Each structure stands twice: as structure tokens, then as C-alpha cells.
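Take a look at the chain shown here.

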Amino acid sequence: MENAICGRMGLSPNQVFNPKPGDKYSFCKGPCSNLCVPMAVLATGPGKGGGLLEKPVIEKVAPGRESEFDLKKSRKTAPPYRVILHNDNYNKREYVVQVLMKVIPGMTLDNAVNIMQEAHYNGLSVVIICAQADAEDHCMHLRGNGLLSSIEPASGGC
């Protein structure tokens, strides 16, 4: 295709660019010159002379700010934490199962019963393994409902 932008062209702030085919300042050359449309024309403000066609400015991320992709990547690489349910002598087993199902997303009745039973017989049970922020949130919700719970890094121990 023969159409191309051949260089820069000065414009005043009030000038409208409307070239005719074959014009001296036409951006479009060749048989399809009436189909060519310039993508961007930048003109400077009043009193600053004419404007020039410029290359597009590519916006860079400021230092210290991460893109959404980088944030997701850092969340995935964060070390996992265990949320641990401790046995207590105050709450009924049915209540513990209800709280687990309410607080932990995706918790099924069978899993909640198994976790409650393990905590009852062994003194503690792992409820979920997740990112630290989520583990802290789950732990606080369990405590807010009267259950004893804690968190620990998942890499330590068995």
C-alpha cells in the first residue's frame, strides 16, 4: 500500500486539517488518497506557535506502583498459612459446624464435621490453608463467633 505519513506538518491552533487529494500537505499519496484519515493531530495552545504531529506517548507505571497483574502474581507467591481450630469445652459440636460453614467459603457439611471431630479428639485441626491476609480474616471471624483459633505458616511442621 502506498499510503504513508511522510513527515511533520505545522498547524496553528485554530486551523482545521482538511486536505484535498494531491494537496501539497496531504498525508495520503496514491490511488486511495481520499480514504486516508490521520489518526491524531496535536496542536499547541494559543501563542505557542503551530502544532506538530507527534508520536503517541506511552504511559509508564510510576515507581512503587504495581499493575493488577503484578499484584495477582505477588498474591500467588505469598507463603501459605494454616488456620487452626482448637478444641474448647464451651461450644457444642453442632454450633462449631455451623460457624465453620458460615465463616469459611465453600465449606461443606461433611468437611465441617470432620474438622470439628478432629479438633475435639486431637485438640486441634487445620481448617484451611490460604494466604496470610485471608487466614487472619478467617481466624478473626472464627474468634468473633466464640471459637478458639490461630494461624501459623504452612511451611513449618508436617
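Begin with two helices, α2 and α4. Their axes come within 10 Å and cross at roughly 145°. The crossing of α2 past α4 is right-handed. Keep in mind that this is a predicted model, so each residue carries a confidence value, called pLDDT, from 0 to 100.

Which residues meet where α2 passes α4? From α2 come Val 99, Leu 100 and Val 103. From α4 come His 138, His 141 and Leu 142. Of the residues in this contact, 4 are nonpolar, 2 are polar and none is charged.

Pick out His 138 from that group. It sits in helix α4. Is His 138 buried or exposed? Its relative accessibility is 9%, so His 138 counts as buried, because the cut-off for buried is under 20%. His 138 touches Val 83, Val 103, Ile 104, Pro 105, Ile 128 and Cys 130, leaving aside residues up to four places away in sequence.

Now turn to the other helix. Val 96 lies in α2. Val 96 has a relative accessible area of 8%, and so is buried. Leaving out residues up to four places away in sequence, Val 96 touches Leu 85, Asn 91, Met 116 and Leu 147. Look also at Gly 146. Val 96 and Gly 146 are 50 residues apart in sequence, while their C-alpha atoms are 9.1 Å apart in space.

Next comes the nonpolar core. The largest one has 19 residues. Leu 85, Leu 100, Met 107, Val 127 and Leu 142 have the most contacts inside it. Five elements are listed as giving two or more residues to this core: β1 (80-86), α2 (93-103), α3 (109-122), β2 (124-131) and α4 (132-144). Which element gives the most? That is α2, with 5 residues.

With residues up to four places away in sequence not counted, Met 107 touches Leu 100, Met 101, Ala 112, Ile 115 and Val 127.

Move on to strand β3, residues 148-153. Ser 149 is in this strand. At 5% relative accessibility, Ser 149 counts as buried, because that value is under the 20% cut-off. Ser 149 touches Ile 84, His 86, Cys 139, Leu 142 and Arg 143, again not counting residues up to four places away in sequence. Val 83 is 66 residues from Ser 149 along the chain, yet their C-alpha atoms are separated by 7.0 Å.

Step back to the whole chain. It has 4 helices and 3 strands. From the N terminus on, these run α-β-α-α-β-α-β. The chain has 158 residues, and 24% of them count as buried. Among contacts with a separation of 6 or more, 64% join residues 24 or more positions apart.

How far can you read the details? The mean pLDDT of the chain is 75, and 49% of its residues reach 70 or more. Confidence is highest in β1, at a mean of 97, and lowest in helix α1 (residues 68-77), at a mean of 63. Over residues 1-7, pLDDT stays under 50, and the model has 9 contacts beyond four places in sequence for this stretch. Residues 35-45 also stay under 50, with 17 such contacts. Where pLDDT is low, the predicted coordinates should not be read in detail.

Conventions:
Residues are numbered from 1 along each chain as its sequence is written. This is a predicted model: local features need pLDDT of at least 70, side-chain atom pairs count only at pLDDT 80 or more; totals for chains, interfaces and linings use all residues. Side-chain values use heavy atoms; hydrogens and water are left out. A nonpolar core is a set of buried Ala, Val, Leu, Ile, Met, Phe, Trp, Tyr and Cys residues joined through side-chain atoms within 4.5 Å. Buried means under 20% relative accessible area, exposed over 50%, partly exposed in between (1.4 Å probe, protein chains only). Contact means heavy atoms within 4.5 Å. pLDDT is the predictor's confidence in each residue, from 0 to 100. Axes are lines fitted to C-alpha atoms, for helices over the stretch in contact, and angles run from 0 to 180 degrees between N-to-C directions. A crossing is left-handed if the near helix is turned anticlockwise from the far one by less than a right angle, and right-handed if clockwise. Ala, Val, Leu, Ile, Met, Phe, Trp, Tyr, Cys and Pro count as nonpolar, Asp, Glu, Lys and Arg as charged, and the others, Gly among them, as polar.
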